[in-house]
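Me: Take me through one part of this model closely. I want the helix packing, then the strands, with cut-offs as you go.

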Amino acid sequence: MSADISIQSNFPLRGLNTFGIDASASAYLKVTSAAMLEAVASDASWASMPRLVLGGGSNLLLTDDFHGLVLHMATSGIELVGEDDDAFYVRAEAGENWHRFVLWTLEHGFPGLENLSLIPGSVGASPIQNIGAYGVELKDRFHSLTAFDLIDKKTFVLDREACGFGYRDSIFKHALRGRAVILDVTFALAKRWQANIRYADVAQELAAGGIHSPSARQISDAVIAVRTRKLPDPAVIGNAGSFFKNPVVSQDARDALLARCPDLVSYAQPDGSFKLAAGWLIDRAGWKGRSLGAAGVYEKQALVLVNRGGAKGGEIAELAAAIQADVQEKFGVALEPEPVFV
């Protein structure tokens, strides 16, 4: 193997997952170039091991030690790579922190990502989950990405259509799961920018500040303020942000629930279905603020599961399963976790 590859054994992962789960990896590599991935993929002793690609560790639940090779993406760099009459094209390396990247775009006069401020994680992980918040999803601003295929041992480029984006979903959770490592992502940020303040929380935050025609930076500040009030800082209390996806149900199912629960929170979707607020369901089921051992449900936002100190990944998983069973029994709705269980 190339001399610039330094794989470490029995590497602690507590500082590399936002839940703060105390686990370790049999082998660990800090990846700073595509060449390092190619070297690993070409070496039979490492290519045969289970692999876990790690970004910011914010969409991950470690239920045990990882008996394989962790590839920790630590590449860095942001640049304007082009523009046309419609958009600026900005590329960021996979290892860049997502929120820092959003702030960079705003500081350099490229609005469009402000609604996605303060989402934890890395740029490279963002397309996998098709991250979204306050009326904007990554796919709305996505142009293309470069990835490395660990099986074919070569890089390739995918456009928006090829990524198969869905609600918190993409091709990287399906056909390319376990084989594609995202290297960089390019965003198309419209020159004819329009403010998106459709969500009440953001609009109310701006109105409270007397802001009626907000700039992109003012929207970002409002989103940061709202998220800070609602969500715990992973540096203070371990968590992975929203733990469950908002379930999507038919209109008939939604209407039946609405008849039982007039204050049901739901959002109409373009295809006629309805997205339900998972946090509302969990709260109404009585889980907000409760704990099972050191694993708990955050007092200010029922959608967030937290590590109250020393929780094992298995405890978080048990709490999640108990919530799922209770919501299913009370409302007939299945909740699906967002984080990847490893």
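Reply: Start with the contact between helix α3 and helix α6. On the α3 side stand His99, Leu103, Leu106 and Glu107. On the α6 side they meet Ala216, Arg217, Ser220 and Ile224. Contact here is heavy atoms within 4.5 Å. By class, these residues divide into four nonpolar, two polar and two charged (nonpolar: Ala, Val, Leu, Ile, Met, Phe, Trp, Tyr, Cys and Pro; charged: Asp, Glu, Lys and Arg; polar: the others, Gly among them).

The model is predicted, so local features need pLDDT of at least 70 and side-chain atom pairs pLDDT 80 or more, while totals for chains, interfaces and linings use all residues. Residues are numbered from 1 along each chain as its sequence is written, and side-chain values use heavy atoms, without hydrogens and water.

Helix α3 covers residues 98-107. Its axis lies 10 Å from that of α6, at an angle of about 155° (axes are lines fitted to C-alpha atoms, for helices over the stretch in contact; angles run from 0 to 180 degrees between N-to-C directions). The two helices are therefore roughly antiparallel (under 35 degrees is roughly parallel, over 145 roughly antiparallel, 65 to 115 roughly perpendicular, the rest oblique). The crossing of α3 past α6 is left-handed (the near helix is turned anticlockwise from the far one by less than a right angle; clockwise is right-handed). Helices are DSSP runs of H or I with at least four residues, strands runs of E with at least two, numbered from the N terminus.

Helix α6 (residues 216-230) also packs against helix α5 (residues 200-208). Here the angle is about 110° and the axes are 9 Å apart. That makes α5 roughly perpendicular to α6. The crossing is right-handed. From α5, the contact uses Asp201, Val202, Glu205 and Leu206. From α6 come Gln218, Ile219, Ala222, Val223, Ala225, Val226, Arg229 and Lys230. Seven of the residues in this α5 contact with α6 are nonpolar, one is polar and four are charged.

Now the strands. Strand β7 (residues 87-93) is mostly covered. Five of its seven residues are buried (under 20% relative accessible area; over 50% is exposed, in between partly exposed; 1.4 Å probe, protein chains only). Strand β6 (residues 78-83) runs antiparallel to β7, joined by five bridges; two strands pair if DSSP finds at least two. A hairpin of three residues links β6 to β7. Glu83 has Phe88 as its bridge partner in β7. Strand β12 (residues 180-190) is also antiparallel to β7, over seven bridges. There Ala92 stands opposite Val185.

A separate open sheet has four strands, in the order β13-β19-β18-β17, with antiparallel pairing. Strands β18 (residues 295-297) and β19 (residues 304-307) share three bridges. Gly296 has Val306 of β19 as its bridge partner.

Last, Val248, in strand β14 (residues 248-249). Val248 is partly exposed, at 46% relative accessible area. Beyond its neighbours within four places in sequence, Val248 contacts Ser273, Phe274 and Lys275. Gly124 lies 124 residues away along the chain, and its C-alpha is 27 Å from that of Val248.
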